[in-house]
Amino acid sequence: MAALAWLLIPLLAAVGAAIWGSWAGRHRTTGDVSELAGYARFREAMEKEHSA
């Protein structure tokens, strides 16, 4: 029974690593469009000349 426990530890670690790897490698593209639009507005505002 102890040998089975020692074999299950690496198996569970491998399953945990696979789950973490798939979670860490997921595609997160939800906020990119709004962030790029905000950066474009910032650039436009910085390029404008101030009326003193």
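Helices (H or I, at least four residues) and strands (E, at least two) are DSSP runs, numbered from the N terminus. By that rule alanine 24 is found in helix 1, and the chain has 2 helices and 0 strands. The model is a predicted one, in which local features need pLDDT of at least 70 and side-chain atom pairs count only at pLDDT 80 or more, while totals for chains, interfaces and linings use all residues. Residues are numbered from 1 along each chain as its sequence is written, and side-chain values use heavy atoms, with hydrogens and water left out.

The overall form comes next. Along the principal axes, the C-alpha atoms of the chain fill a box of roughly 80 × 20 × 10 Å. The radius of gyration, taken over C-alpha atoms, is 25 Å. A compact globule of 52 residues would have a value near 10 Å, under the rule of 2.2 Å times the number of residues to the power 0.38.

Buried means under 20% relative accessible area, exposed over 50%, and partly exposed in between (1.4 Å probe, protein chains only). Buried residues make up 0% of the 52 residues in the chain. The chain exposes about 5200 Å², and carbon and sulfur atoms supply 68% of that area. Accessible areas come from the Shrake-Rupley method with a 1.4 Å probe; for residues, only the protein chains shown count as cover.

Helix 1 covers residues 2–24 and includes leucine 12. Leucine 12 counts as exposed because its relative accessibility is 60%. Together with Met1, Leu4, Leu8, Leu11, Val15 and Ile19, Leu12 forms a nonpolar patch on the surface, with about 760 Å² of accessible area in total. Like charges are joined within 9 Å, and nonpolar side chains (Val, Leu, Ile, Met, Phe, Trp, Tyr) within 5 Å.

Glycine 21 is also in helix 1. Its relative accessibility is 35%, so glycine 21 counts as partly exposed. Between glycine 21 and leucine 11, 10 residues apart in sequence, the C-alpha to C-alpha distance is 15 Å. Alanine 24, at 30% relative accessibility, counts as partly exposed. The C-alpha atoms of alanine 24 and alanine 14 are separated by 15 Å, with the two residues 10 apart along the chain.

Key:
Patch = residues over 30% accessible without salt bridge, like charges linked within 9 Å, V, L, I, M, F, W, Y side chains within 5 Å. Salt bridge = Lys/Arg side-chain N within 4 Å of Asp/Glu carboxyl O.
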